[in-house]
Amino acid sequence: MEPTRNCPLFGGAFSAILPPGAIDVSDLRPVPDNQEVFCHPVTDQSLIVELLELQAHVRGEAAARYHFEDVGGVQGARAVHVLSVQPLCLENLSLRGSCQDAWFLSGKQQVAKENQQVAKDVTLHQALLRLPQYQTDLLLTFNQPPSNSRSLGPENLSCPPWSLGNFEQLVTSLTLHDPNIFGPQ
């Protein structure tokens, strides 16, 4: 199994530690410029890092809920349910110097994959890092579809499913190297 690796994101403007086996989805299909998307090589798990416009009209916990519900709307979720929302300790973040406010949300969304009628409950974990000086909300999402999505036979044990710890490492290691990604300030 390959070890975790520090990976450049957004052309090197950011970097973060990705979990073992992370596949850059942009090598497989087009990904919007404001997103970095990675998928697990065996399971249907995915990680998304998004640079979004700061939603200044919502604050605190409400901002985390706003983005969770927005993602549900974009994905055509039939139901969204927030399980928990907690503040993140800024001291644990590599972005602590730029981040004014940070939240961790766990929830479930009922989503049907493309070309499928049956909706499945997908667990989502999201970290919202608010960077008002750059007019940016940085949203990190860990999608955990039902565990029986694909076969996890002995041939696939070389890369076990990602854990919440892998996602936390991504969130805490995310580092800004070039603030010019946000345009002129």
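## Overall layout

Follow the chain along its sequence and you get the pattern β-β-β-β-β-α-β-β-β-β-α-β. That comes to two helices and 10 strands. Keep in mind that this is a predicted model.

## Surface and packing

The chain has 185 residues, and 46% of them count as buried.

What about contacts along the sequence? Take the contacts between residues at least 6 apart in sequence: 59% of these join residues at least 24 apart.

## Salt bridges

Searching the whole structure turns up two salt bridges. One of them pairs Arg 65 with Glu 61, and their closest N and O atoms sit 3.0 Å apart. Both residues belong to helix H1, which covers residues 61-74. Because Arg 65 and Glu 61 are four residues apart in that helix, about one helical turn separates them. As for solvent, Arg 65 is partly exposed, with a relative accessible area of 31%. Glu 61 is partly exposed too, at 33% relative accessibility.

There is also a salt bridge between Asp 137 and Arg 130. Here the closest N and O atoms are 2.8 Å apart. Are these two residues buried or exposed? Asp 137 is buried, and Arg 130 is buried as well.

Terms used:
Residues are numbered from 1 along each chain as its sequence is written. This is a predicted model: local features need pLDDT of at least 70, side-chain atom pairs count only at pLDDT 80 or more; totals for chains, interfaces and linings use all residues. Side-chain values use heavy atoms; hydrogens and water are left out. A salt bridge is a side-chain nitrogen of Lys or Arg within 4 Å of a carboxyl oxygen of Asp or Glu. Buried means under 20% relative accessible area, exposed over 50%, partly exposed in between (1.4 Å probe, protein chains only). Contact means heavy atoms within 4.5 Å.
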